[in-house]
Amino acid sequence: MTQEQEAALPQNTRSIMAFLREHAPFSSMDDAHLALFAEHATLRFYADGDKVIAPEDGPVTTFNVVKQGRIRGERNNPKTGEPETTFEISQGECFPLAALVGERPTQTLHRAAGDTFCLSLDHKDFVTLFSESDSFRDFCLRGVSSLLDQVNQRIQSGAMASLGSSNSLDTPLERYALRNPIVCSPDMPVRKAVAKMHDNSVGSIIITDDQRHPKGIFTLRDLRTLVAEETCSLETPIAQVMTADPHHLPATADAFEAAMLMAEHHFAHICVVDEDNRLIGVVSERDLFALQRVDLVHLARAIGTAPQLQSLVALRDDVSRLVDAMLAHGADSGQVVKIITTLNDITVRRVLELNLKKNDPGIPFTWLTFGSEGRQEQTLLTDQDNGILFTTPQGMTPDQVREKLLPFAETINKELAECGFTWCKGNIMASNPKLCLSGEEWDEWFLRFIDASTPQNLVYSSIFLDMRAVFGPMEPLQELLDKVLARIRKNALFQKMLAGNALQRRPPLNIFRGFRYAPDGDRHSLDLKRQGLAPFVESVRVFALANGVATANTLERIEELVRKGVFDAKDANAWQEAYSLIQAIRMRSHQEQLQQGEELSNYINPDNLNPLDRRILRESFRQAQRLQQKLEVTYQL
């Protein structure tokens, strides 16, 4: 719709369209579809306490958007029989999607909370909009998942833009495509095609016709599948096992387009063709990472073989660029934090290896990591939470072992700080004698820790019960964790105390569904780690420990709890998405702070976010409240 066409619309229609553009999913809809909504919508008023939609009304016949005020969802508490608020819907949000799409009554009473105005669309016009607008239909069917895609797309675009022209993402593919790619005819046996790939040290071969038009592609991954599944012999013509009609781009396309295509379809090679669709080259995922000057495999290898501390310090700058590259390639927040943690692990191991070469204390030990690194959930803002588990050699006492290990640990902590792992303010570090313990001492420590559920021990639970080994023998830690998990499963009182402690971290929503700001930090700020992520992390940890889930990663814990039947799959999916959304916004904030030369912080001002991000945060925090409600019911708190 042109500006002239919109100007010709009635003022009321234009006003509604302007309002809708500020809120998802309408912000991504075409103007013509917004005009359709605005022209057919009816503005309805509800006084405080009025029923808007009720289960007894029968199948829902209207689609509604809150224009002003709030809608409160009410259900009767099965224990008390009294109505209680289960959710609130605020300005710009829609209801009741699931019932409307399912053509059924709503299961929740929707009541006005204060004087409220809603834009209401009848069922006939809703169906028209649903059928004509792809983005509207996607939102109606997938809800928050659709919003997650929008956030990820914006983060991805921002990361791609931040890589800058110096990384050549705007350069035409013809400059970078592998010239004279390895090709074969459709009738060549698989064995000969693979031999040709081996002779030329390439990971793919393109199958072309006589005019050199790409008809298929065969990769080493396809070969592994063929061998593993034994679907055919190596004498089979490659046309029968190739991936037909491979994706291709013209030589004039740029690296940005190739990266987006790979991210969308999850393949690793793109054919580059001329104007007559003849093959002129191949671009691989590795080529695009090389364009960005950062490659996960190469960076990991460089860190793992760094000859000295100064080299490690210099390489740490590349981790931030890798995060940009990964986000630009469509990696989700869960993948990115695992990548960051992996590189952190490699850095820690290399610092240890370099020091063992210079000054080996002569005592075998396991280097432990706790907290977010133990959960493999670290971002660029990280401090040190580490310790040592050792086996006391015969003829020595634990104190004598500590005399040898503590100076070594102090050096490690110091050098890790130089690599960007800040000192732990609570002294949760291996150089602390209380955290450099033998297996027996750790076992006794946890025994006291679990039996005496003091406030301090419950605080420690958020750190030490997410433990992982990053260097040295793994068996001593596994033996320790097996004992700890067994004790916790048998100790209902400790579980209840853990649950109560987890509820101390409440999501930052007030009763009016506005944001409740962090007590510290800048005015009007939210702490995305302590207020946003911690309610998920700590609630999920209680369920995981109580049900014998050994993994420490929050998202993996949720998946395992679904498999054990503890969590409903739909609830778990909503909690995983909400957690990932907060993490994604947090990571984007870190990247922006780095680009502006600011100190990394977990605080954000929600007033600086766009309407979609504010809505995403509210919905994510609401999901955290639902998870905590499950914890309260389970442990009767």
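**Entry 1: the β1 sheet**

I began with the open sheet of 4 strands in the order β1-β8-β3-β6. Its pairing is antiparallel. I looked for the edges and found β1 (42–46) and β6 (94–95), each of which pairs on one side only. This is a predicted model, so I read every feature here as a prediction.

Next I checked how β1 is held to its partner. Strand β8 covers residues 116–122 and runs antiparallel to β1, with 5 bridges joining the two.

Then I asked which helix lies across β1, β3 and β8. It is α3, residues 31–40. I noted its angle to β8 as about 110°. Strand β3 spans 62–68.

**Entry 2: the β2 sheet**

I turned to another open sheet, also of 4 strands, with the order β2-β7-β4-β5. The pairing here is antiparallel. Its edge strands are β2 (51–53) and β5 (83–89), and each pairs on one side only. From one strand to the next I noted an average twist of 40°.

I followed β7 through its pairings. Strand β7 takes in residues 109–112 and pairs with β2 in the antiparallel sense over 2 bridges. In that pairing, Lys 51 stands opposite Arg 111 of β7. Strand β4 (residues 71–76) also pairs with β7, antiparallel, over 4 bridges. There I found Ile 71 opposite Ala 112.

Which way do the side chains of β7 point? Leu 109 and Arg 111 point one way, while His 110 and Ala 112 point the other way. All four are buried.

**Entry 3: Ser 90**

I looked up the loop between β5 and β6, where Ser 90 sits. Is Ser 90 buried or exposed? Its relative accessibility is 11%, so Ser 90 counts as buried, since the cut-off for buried is under 20%. I then checked its side chain. It makes a polar contact with the side chain of Glu 93, at 2.9 Å.

**Entry 4: Asn 553**

I moved on to the loop between α21 (528–546) and α22 (554–563), the place of Asn 553. With a relative accessible area of 6%, Asn 553 is buried. What does the side chain of Asn 553 reach? It reaches the backbone oxygen of Arg 375, at 2.9 Å. I also listed the residues that Asn 553 touches, leaving aside those up to four places away in sequence. They are Lys 338, Arg 375, Gln 376 and Glu 377.

**Entry 5: helix α18**

I checked α18, residues 455–464, for its buried residues. They are Asn 457, Leu 458, Ser 461, Ile 463 and Phe 464. Against which helices do the buried residues of α18 pack? I found α15 (371–374), α17 (439–451), α20 (492–502) and α21.

**Entry 6: cysteines**

I searched for disulfides in the whole structure and found 0. Cys 184 has 5% relative accessibility, so Cys 184 counts as buried. Cys 271, at 1% relative accessibility, counts as buried too.

**Entry 7: the whole protein**

The protein has 24 helices and 22 strands. It has 637 residues, and buried residues make up 51% of them. I then took the contacts between residues at least 6 apart in sequence. Of these, 71% join residues at least 24 apart.

Last, I looked at confidence. The mean pLDDT of the protein is 85. I noted that 89% of residues reach 70 or more. Where does pLDDT stay under 50? I found that stretch at residues 162–168. For those residues the model has 16 contacts beyond four places in sequence.

Notes. Residues are numbered from 1 along each chain as its sequence is written. This is a predicted model: local features need pLDDT of at least 70, side-chain atom pairs count only at pLDDT 80 or more; totals for chains, interfaces and linings use all residues. Side-chain values use heavy atoms; hydrogens and water are left out. A disulfide is a pair of cysteine sulfur atoms within 2.5 Å. Buried means under 20% relative accessible area, exposed over 50%, partly exposed in between (1.4 Å probe, protein chains only). Two strands pair if DSSP finds at least two bridges between them. Axes are lines fitted to C-alpha atoms, for helices over the stretch in contact, and angles run from 0 to 180 degrees between N-to-C directions. Contact means heavy atoms within 4.5 Å. A polar contact is a pair of N or O atoms within 3.5 Å; within protein, one must be able to donate a hydrogen and the other to accept it, and residues adjacent in sequence count only if both atoms are side-chain atoms. pLDDT is the predictor's confidence in each residue, from 0 to 100.
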